[in-house]
Amino acid sequence: MIPFLLKPYLKPVTWGGSRLSTFKGLDTRLDHIGESWEVSTMPGCESIIENGDFEGYTLTEACCQAGAKLLGKEIVERFGTRMPLLVKFIDAADDLSIQVHPNDALARRRHGCNGKCEMWYIIQADPGARLIPGFNSAISKSDYKRHAAAGTLDQVLATCETHPGDVFYIPAGRVHAIGRGNLLLEVQQASDITYRIFDYNRRDAYGNLRQLHQRQAVDAIDFTCINDYHYYPRGERLADTPHFHLERIVLNSDTPHRKVEARTFLIATAIEGDATARCGRHSLALPQGHTMLIPANTEVTLSGSATIILITP
């Protein structure tokens with residue numbers, strides 16, 4: 001099998017901006033597009049394959065039909081013919097809601113699906129851009145409830161200024177929010193379960209407040225506080241977590257090409273510059289802001305002038 005280029009699902013949201021159009025090199029300027037779901041098998045928001053034997057198929061259909069040839073034997077043994085990851089670009093022109101995601105056990109009990117651990121890689125950040133990665137001090141459940149009811153959660157939440165290249169790991173149960181002015185890559189478990197805690201009293205086009213999930217959220221929250229919420233890479237290795245692994249490679253005149261291969265599927269996302277992927281007789285362009293899915297046990301040579309994030313389960 002050859003690598004697949006993926007057409008993402010572009011998601012309009014109230015807090016979205018127009019930066020993704022420029023970043024991804026789209027012909028049409030799109031406003032209020034907050035998320036580009038690059039690798040997704042979520043119903044109604046699925047990636048479409050743009051080349052090869054599965055051209056025009058959804059990623060869900062390709063995973064079901066190709067099975068271990070695409071995903072890898074160990075992935076099929078663990079998850080069946082289901083993509084276990086969801087990869088997005090997020091453009092926050094305004095603050096996202098303060099929220100939390102349940103862990104696997106709670107999500108399975110309540111929703112019949114996995115929970116959601118996620119990781120953020122900051123690609124661009126406006127001066128002064130910030131995010132909320134957790135609590136700023138130890139807090140009890142009763143104190144949390146009091147602050148939530150009084151609308152004073154901002155007093156107990158940490159904020160971090162963001163810069164390109166920063167990495168944050170957000171395990172299930174950690175209260176968090178992305179602040180305005182950030183363009184980032186988000187890698188997460190394939191789950192869309194979110195408990196919204198506060199949304200700045202924003203209203204939709206019909207004047208309605210967005211639904212909050214205070215009762216559900218309390219049971220999902222991990223009230224642990226840590227001193228430093230940054231996740232510090234070790235060389236090219238950006239992160240190693242229980243659910244996914246990230247590596248950053250930089251292609252330039254000193255390192256003009258790089259061979260990559262894994263026993264499982266491999267996701268390659270270009271976050272800066274343009275690359276070319278060669279697999280046997282096939283050559284595929286991987287421009288900035290685009291994503292490629294490399295089947296299991298497939299050797300690909302990446303070349304060009306680009307920064308690429310490699311993601312494996």
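Reply: Let's start with what pairing means: two strands count as a pair if DSSP finds at least two bridges between them. Keep in mind too that this is a predicted model.

Our strand is β10, which covers residues 167-170. The partner to look at is β7, residues 118-125, and the two run antiparallel, joined over 4 bridges. Since two bridges would be enough for a pair, β7 and β10 qualify. To find one of these links on screen, go to Met-119: its bridge partner in β10 is Tyr-169.

Now look at where the side chains of β10 go. Val-167 and Tyr-169 point one way, while Phe-168 and Ile-170 point the other way. Which side is buried? Both are, as all four of these residues are buried. Buried here means under 20% relative accessible area.

The largest nonpolar core has 39 residues, and Met-83, Leu-246 and Leu-293 have the most contacts inside it. Helix α2, residues 59-66, gives the most to this core, with 4 residues. If you skip its neighbours within four places in sequence, Met-83 touches Val-39, Thr-41, Leu-59, Cys-63, Leu-71, Ala-190, Phe-265 and Leu-293. Apart from this core there is another one, of 22 residues, including Tyr-144, Val-156, Ile-193 and Phe-223.

On to the rings. You describe a pair of aromatic rings by the distance of the centres and the angle of the planes. There are 10 aromatic pairs in the model. One of them joins Phe-54 and Tyr-57, with 5.4 Å centre to centre and 90 degrees between the planes, which makes it edge-to-face. Phe-54 is buried, at 12% relative accessible area, whereas Tyr-57 is partly exposed, at 30%. Another edge-to-face pair is Phe-198 with Tyr-200, at 5.2 Å between the centres and 65 degrees between the planes. It counts as edge-to-face because that angle is over 60 degrees. Both partners are partly exposed: Phe-198 has 26% relative accessibility and Tyr-200 has 32%. Going back to Phe-54 and Tyr-57, ring pairs link them with Phe-4 into a cluster.

Most residues other than glycine have a negative phi. Tyr-200 is not a glycine, yet its phi is positive, at about 60 degrees. You'll find Tyr-200 in the loop between β13 (195-198) and α7 (214-220). Asn-297 also has a positive phi of about 60 degrees without being a glycine. Asn-297 sits in the loop between β19 (291-294) and β20 (300-312), and it is exposed, at 51% relative accessible area.

The largest pocket has a volume of about 410 Å³. Its lining has 23 residues, and those nearest its centre are Trp-15, Glu-35, Gln-99, Thr-194 and Arg-210. The elements that give two or more residues to this lining are β2 (9-17), β5 (85-92), β7 and β11 (177-178). β2 gives the most, with 4 residues.

Terms used
Residues numbered from 1 in each chain as written. Predicted model: local features only at pLDDT ≥ 70, side-chain atom pairs only at ≥ 80, totals over all residues. Heavy atoms only, no water. Phe/Tyr/Trp six-rings, centres within 6.5 Å; stacked < 30°, edge-to-face > 60°. Buried < 20%, exposed > 50% of the residue type's maximum accessible area, 1.4 Å probe, protein only. Core = buried A, V, L, I, M, F, W, Y, C linked by side-chain atoms within 4.5 Å. Contact = heavy atoms within 4.5 Å. 1 Å grid on protein atoms, 1.4 Å probe; cavity = no way out; pocket = protein on both sides within 12 Å on 5 of 7 lines; lining within 4 Å. Points joined across faces, edges and corners; volume = space filled by probe spheres on them.
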